[in-house]
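Thanks for coming. I will take a few minutes to walk through one structure, and you can follow along on the screen.

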Amino acid sequence: MKGKVLAVCRSEEKGVKKSNVGEGFFKKDHGLAGDAHSGSWHRQVSLLGIESINKMRAKGVDVNPGDFAENLTVEGIDLFHLPVGTRLRVGGKVLLEVTQIGKECHQGCAIRVQVGDCVMPREGIFARVLEEGWVRTGDTIEVIQNV
């Protein structure tokens, strides 16, 4: 199963939308360099499918990649159906391992307040970096081991 990276997003502080920076270095056991959510824990990298963003757009919400605080916006892979432990190869070098599907939505989420719903808690996934390297918009993302 293959897909494509549509955006590489980063923010220097927590609690804000991330900006598409076009490329980033994903550091082993850390996450996206320069991102506020990176660190030595199980949610080093967050991923969301454009299909999930489009669900919110269909509800009349003006949202874009990074607005859900995801690091990678991808298309072509049904991310939230991947089991924990699945490995993803991104851009030929970076190896991610899925560690969590969805998350508890924090209080006061701007999207939830505006629309009454948010897809990230149900359809966002989290991963840790097993092998580091650069990821760029347009790179492929491929499921290489599905548990």
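The side chains of lysine 18 and aspartate 35 are joined by a polar contact of 2.8 Å. This is a predicted model, so please hear every value as computed.

Where does lysine 18 lie? It is in the loop between strand 1, residues 2–10, and strand 2, residues 19–20.

Is lysine 18 buried or exposed? Its relative accessible area is 4%, and the cut-off for buried is under 20%, so lysine 18 counts as buried. Leaving out residues up to four places away in sequence, lysine 18 touches a list of residues that includes Cys9, Arg10, His37, Pro65, Gly66 and Glu70.

Now the nonpolar cores. The largest one has 22 residues. Which residues have the most contacts inside it? They are Phe26, Leu47, Leu72, Leu88 and Leu96. The elements giving two or more residues to this core are strand 1, strand 5 (45–49), strand 6 (72–75), strand 7 (87–90), strand 8 (94–101), strand 9 (125–131) and strand 11 (140–145).

Take leucine 96 from that set. Not counting residues up to four places away in sequence, leucine 96 touches Leu47, Leu72 and Leu88, among others. Val45, Val90, Ala127 and Val129 are also among the residues it touches.

A separate core of eleven residues lies apart from the largest one, and its members include Met56, Val63, Val119 and Met120.

Met56 brings us to helix 1, which spans residues 50–58. Which residues of helix 1 are buried? They are Ile50, Ser52, Ile53 and Met56. Looking down the helix axis, these buried residues fall within an arc of 160°, so they line one face of helix 1. Just after helix 1, glycine 60 takes a positive phi of about 90°.

Strand 3, residues 23–27, pairs with strand 4 over two bridges, in the antiparallel sense. Phenylalanine 26 stands opposite leucine 32 of strand 4.

That is what I had. Over to you.

Definitions and conventions. Residues are numbered from 1 along each chain as its sequence is written. This is a predicted model: local features need pLDDT of at least 70, side-chain atom pairs count only at pLDDT 80 or more; totals for chains, interfaces and linings use all residues. Side-chain values use heavy atoms; hydrogens and water are left out. Buried means under 20% relative accessible area, exposed over 50%, partly exposed in between (1.4 Å probe, protein chains only). Helices (H or I, at least four residues) and strands (E, at least two) are DSSP runs, numbered from the N terminus. The arc is that of the directions from the helix axis to the C-beta atoms. Two strands pair if DSSP finds at least two bridges between them. A polar contact is a pair of N or O atoms within 3.5 Å; within protein, one must be able to donate a hydrogen and the other to accept it, and residues adjacent in sequence count only if both atoms are side-chain atoms. Contact means heavy atoms within 4.5 Å. A nonpolar core is a set of buried Ala, Val, Leu, Ile, Met, Phe, Trp, Tyr and Cys residues joined through side-chain atoms within 4.5 Å.
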